Amino acid sequence: MMRHDVAIVGGGCVGLSVAKHLAERTDLDVAVLEKEHHLASHQSGRNSGVLHPGFNYPPDSKKARFATEGTARMKAYCEEHDVPCEELGVLVVATDDEEEARLDDLAEQAEANGVAYELLDSREAIRAHEPHAEGQAALHAPEAASVDSEQYVYALAREARELGVTIYTGYEVSRIEEAAEGYRLDTSNGRFEVPYLVNAAGLHADTLAHQVGVGEEYQVVPFRGEYYEVRPERAELCETMIYPTPNPELPFLGVHYTRRTDGKVIVGPNAVLAFGREAYDNTDVDPRELLETLTYGGFRRLLSSPLMLSVAWAELNKSYRKEKFAAASQKLVPDVRAEDLQKSYAGIRAQLVSDDGELVKDPLFVEREDAVHVLNAVSPGLTSSLPFGEHIAERLAAKVTV
């Protein structure tokens, strides 16, 4: 039996940020339990690595606050800890009148959130930033950046260890039970007893929370996002980041271009239902988890919308038909061809869905007297991880009587 004051389940960017900030503020004996033998194996390391400066989030929302603060803090953190990070800026492109009108909304949000931006009103102005991009107008946000998310996670882990945090890798938490004083955690390598718990288990956070009666009105529905890489000899097609104008009626942004810190240009992701919470290939199926999703009332209600059904069909086509993915990519960069794209990696987004069929779009954590359950650290989770983790640590520290 192993004992610590606090157990944090999940060694991703949020869990490790909580650990770092908790160790800085208290003398608690903090442990992080990560099921994989390597950090950043799931959401924290399988993303586009973009720092979103906050122009796409409603003013005064948690998302806006965490994104704007998180972008600035992440850049400073990466510089201090020698993590690759490049401030490339992002070009949000409108290809028709309806999208151009939405750029004005983004500009208003950027203004309210204190995010630098410039509106471009011509094809020539767009091409001055991105010579191969195509559109009739765009919003340029120069503060967007690209970061090596895996190296960032390992930097957080090193700092947490230096502050006295114990990080257990290869410890999968299978069961959480309430005990007389705190919680018992059964793992693949033994049992832990702790007075305080932070559940930051990402794709499996809802499963663990439900074991202690928390968040039962929600369930994680996994959506796979697949990326292609532009062949190195054609990487000049994107010099920074090129995004479509977001549609507020749709849950996901759509295919976009990102130049990473290693010089690679990735295109994606799409957003297709994953047939398992860790089904990273479109041929992977976990029958039990797929059945869990398909029989969930909230998911069925989500798909009852004709719009969502049409989006789901289009995204599925992109997953299994490269020419459909290429066609979506050409909307922003017409010069790209299917043969310019080669399969890269995939990530899975832990999208929280409510029983009434609504996508939970904001960060969501549920507090108990001796626990915090992070049920939704949805995009921009990487960008927000420092202020979000600090916020959770502060909430927990206020409860502690160890």
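A residue counts as buried when its relative accessible area is under 20%. In this predicted model, two residues that meet this cut-off are set out below.

| Residue | Location | Relative accessible area |
|---|---|---|
| Leucine 33 | strand S3 (residues 30-34) | 1% |
| Aspartate 340 | loop between helix H10 (322-330) and strand S20 (341-354) | 3% |

Leucine 33 is buried because its relative accessible area of 1% lies under 20%. Leaving aside residues up to four places away in sequence, leucine 33 touches Ile8, Val9, Gly10 and Gly11, together with Tyr168, Tyr171, Val173, Leu185, Thr187 and Phe192. Glycine 170 is 137 residues from leucine 33 along the chain, yet their C-alpha atoms are separated by 8.0 Å.

Aspartate 340 is also buried, at 3%. The side chain of aspartate 340 makes a polar contact of 3.2 Å with the side chain of arginine 234. Arg234 is one of the residues that aspartate 340 touches, again not counting those up to four places away in sequence; the others are Glu229, Val230, Arg231, Leu237 and Asp335.

A pair of helices comes next. Two packed helices are described by the angle between their axes and the distance between the axes. For helix H2 (residues 62-80) and helix H11 (residues 381-397), the axes come within 7 Å and cross at roughly 100°. H2 is therefore roughly perpendicular to H11, since angles of 65 to 115 degrees are classed that way. The residues of this contact comprise eight nonpolar, six polar and three charged. From H2 they include Phe66, Met74 and Tyr77, and from H11 they include Leu382, Pro387 and Phe388.

How values were computed
Residues are numbered from 1 along each chain as its sequence is written. This is a predicted model: local features need pLDDT of at least 70, side-chain atom pairs count only at pLDDT 80 or more; totals for chains, interfaces and linings use all residues. Side-chain values use heavy atoms; hydrogens and water are left out. Axes are lines fitted to C-alpha atoms, for helices over the stretch in contact, and angles run from 0 to 180 degrees between N-to-C directions. Helices (H or I, at least four residues) and strands (E, at least two) are DSSP runs, numbered from the N terminus. Angles under 35 degrees count as roughly parallel, over 145 as roughly antiparallel, 65 to 115 as roughly perpendicular and the rest as oblique. Contact means heavy atoms within 4.5 Å. Ala, Val, Leu, Ile, Met, Phe, Trp, Tyr, Cys and Pro count as nonpolar, Asp, Glu, Lys and Arg as charged, and the others, Gly among them, as polar. Buried means under 20% relative accessible area, exposed over 50%, partly exposed in between (1.4 Å probe, protein chains only). A polar contact is a pair of N or O atoms within 3.5 Å; within protein, one must be able to donate a hydrogen and the other to accept it, and residues adjacent in sequence count only if both atoms are side-chain atoms.
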